[in-house]
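These are my notebook entries on a single protein chain. I went through backbone geometry, salt bridges, pockets and surface in turn.

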Amino acid sequence: MGAGDPWVPARSFRQNDQDRRWSRRDSMASRKKNLQGLVAATITPMTEHGEINLSVIGQYVDYLVEKQGVKNIFVNGTTGEGLSLSISERRRVAEEWVTKGRNKLDQVVIHVGALSLKESQELAKHAAEIGADGIAVIAPFFLKPQNKDDLTAFLKEVAAAAPALPFYYYHIPALTGVKIRAEELLDGIQEKIPTFQGLKFSDTDLLDFGQCVDQNRQRQFAFLFGVDEQLLSALVMGATGAVGSTYNYLGKKTNQMLEAYERKDFSSALNYQFCIQRFINFVIKLGFGVSQTKAIMTLVSGIPMGPPRLPLQRASKEFIDNAEAKLKSLGFLSFTDLKNGNLETSS
């Protein structure tokens, strides 16, 4: 496997008896190939006036595939400011990614979570209609589910709106405030939601994550870790893939880490992870979020991501200058090369 090629884990799960009892309609989801390896949580490009900018998404797809070796994407999530977009905008963004990614990307997963069940169902149905490869849903976070049964009931209704699509739960308690453990939610979930295929686990609780894996070894679930700077630890716990914002511009280096791990070169894998951590640690101390991710992606790829949508403010010039200097100090290529989309890091 060459540097930058998408990583595919060797580990797989056997289909259990419950899987074989699914109805023909629900089994359509199970026949889709498993989501694994790196998944870029895509940014939603915007114009300087704050309108979505669909014109650069084709270029964005090519950059991910050709420069970063990332062929799976997670659209309209946190990084994509999905909850800050209108329903119409979310539909248009999803359509553009599916269209431009056809025959180039392996899987396009659309986040369809919303505070309104009806809106979430509408987005799920739309994702199926445009040919997405899966849907994901965040827990509603204003009027919150109080327990596992509440959350499962909500997720079940959304999944039913797109019965042919694999369904993923997006677990991010630090932002939703919904503290229901993922391990608890997964217990028996396929009996309630036959199209359930896995979860995006965006939390640092490796006990919870590890038990999700340990207690579901016989199921073909995708365990997608969502804390980029801790991915190597999650691999040891059984992660089958990862969804994150840094894979937009650190995908090639992260793929190298994953390849080293797969060939049991743990020393090299650790060095790759530490290199990635040095950059992430630096920008976190400066203040790192969606706004700053947009600025870094613009800097590295040369593709204009534009500003974030209010209430977020655009990254400061000071942040951009500091991030650029750190990229260089870690052994990244020159600023000219960075703008051409060629990002290398120290090993």
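**Entry 1. Backbone geometry**

I began with Lys264, which is exposed at a relative accessible area of 63%. I note at the outset that the model is a predicted one. I placed Lys264 in the loop between α12 (251-262) and α13. Its phi is near 65°, a positive value in a residue other than glycine.

I then looked up Asn103, which also has a positive phi, about 70°, although it is not a glycine. I found Asn103 in the loop between α4 (87-101) and β3 (107-111). Asn103 is exposed, because its relative accessible area of 78% is over the 50% cut-off.

I next checked the peptide bond between Leu310 and Pro311, and it is cis, with omega about 15°. Pro311 belongs to the loop between α14 and α15.

**Entry 2. Lys253**

Is Lys253 buried or exposed? I read a relative accessible area of 8% for Lys253, so this lysine counts as buried; the cut-off for that class is under 20%. I located Lys253 in helix α12.

**Entry 3. Salt bridges**

How many salt bridges does the structure hold? I recorded 14.

I took the pair Arg314 and Glu48, whose side chains meet in a salt bridge at 3.0 Å, N to O. This pair links distant parts of the chain, 266 residues apart. Arg314 is in the loop between α14 (290-301) and α15 (317-329), and Glu48 is in the loop between β1 (37-41) and α3 (57-68). On accessibility, I noted Arg314 as partly exposed at 48% and Glu48 as exposed at 54%. The two residues fall into separate classes because the boundary for exposed is over 50%, with Arg314 at 48% and Glu48 at 54%.

I then examined Arg219 and Glu191, which form a salt bridge with the closest N and O atoms 3.5 Å apart. Arg219 lies in the loop between α10 (206-214) and β7 (222-225) and Glu191 in helix α9 (residues 189-192), so the pair ties together parts that are 28 residues apart in sequence. Arg219 counts as buried at 18% relative accessibility, whereas Glu191 is partly exposed at 40%.

The next pair was Glu183 and Arg181, in a salt bridge with the closest N and O atoms 3.7 Å apart. Both partners are partly exposed: Glu183 has a relative accessible area of 23%, and Arg181 one of 30%.

**Entry 4. Pockets**

I turned to the empty space in the model. Rolling a probe the size of a water molecule over the atoms shows where such space is left.

What is the volume of the largest pocket? I noted about 650 Å³. The largest pocket is lined by 26 residues, and those nearest its centre are Thr78, Ile172, Gly226, Ser245 and Phe288. I looked up which elements give two or more residues to this lining, and they are α7 (173-176), β8 (241-244), α13 (266-286) and α14. By type, I listed the lining of the largest pocket as 11 nonpolar, 11 polar and four charged residues.

The second largest pocket has a volume of about 330 Å³. I recorded 17 lining residues for it, with Thr78, Leu83, Ser84, Phe141 and Leu175 nearest the centre. The lining of the second largest pocket divides into nine nonpolar, six polar and two charged residues. I marked Thr78 in both lists, as it is among the residues nearest the centre of the largest pocket and of the second largest pocket.

**Entry 5. Surface patch**

Which residues make the nonpolar surface patch of about 390 Å²? I found Leu115, Phe142 and Leu143. Of these I looked up Leu143 in detail. Leu143 sits in the loop between β4 (134-138) and α6 (148-160). At 70% relative accessibility, Leu143 counts as exposed.

Notes: Residues are numbered from 1 along each chain as its sequence is written. This is a predicted model: local features need pLDDT of at least 70, side-chain atom pairs count only at pLDDT 80 or more; totals for chains, interfaces and linings use all residues. Side-chain values use heavy atoms; hydrogens and water are left out. A salt bridge is a side-chain nitrogen of Lys or Arg within 4 Å of a carboxyl oxygen of Asp or Glu. Helices (H or I, at least four residues) and strands (E, at least two) are DSSP runs, numbered from the N terminus. Buried means under 20% relative accessible area, exposed over 50%, partly exposed in between (1.4 Å probe, protein chains only). On a 1 Å grid over the protein atoms alone, a cavity is a set of points where a 1.4 Å probe fits but cannot get out, and a pocket is an open set with protein on both sides within 12 Å along at least five of seven lines; lining residues have an atom within 4 Å of a point. Grid points are joined across faces, edges and corners, and a volume is the space filled by probe spheres set on the points. Ala, Val, Leu, Ile, Met, Phe, Trp, Tyr, Cys and Pro count as nonpolar, Asp, Glu, Lys and Arg as charged, and the others, Gly among them, as polar. Patches are made of residues with over 30% relative accessible area and no salt bridge: like charges are joined within 9 Å, nonpolar side chains (Val, Leu, Ile, Met, Phe, Trp, Tyr) within 5 Å. Accessible areas come from the Shrake-Rupley method with a 1.4 Å probe; for residues, only the protein chains shown count as cover.
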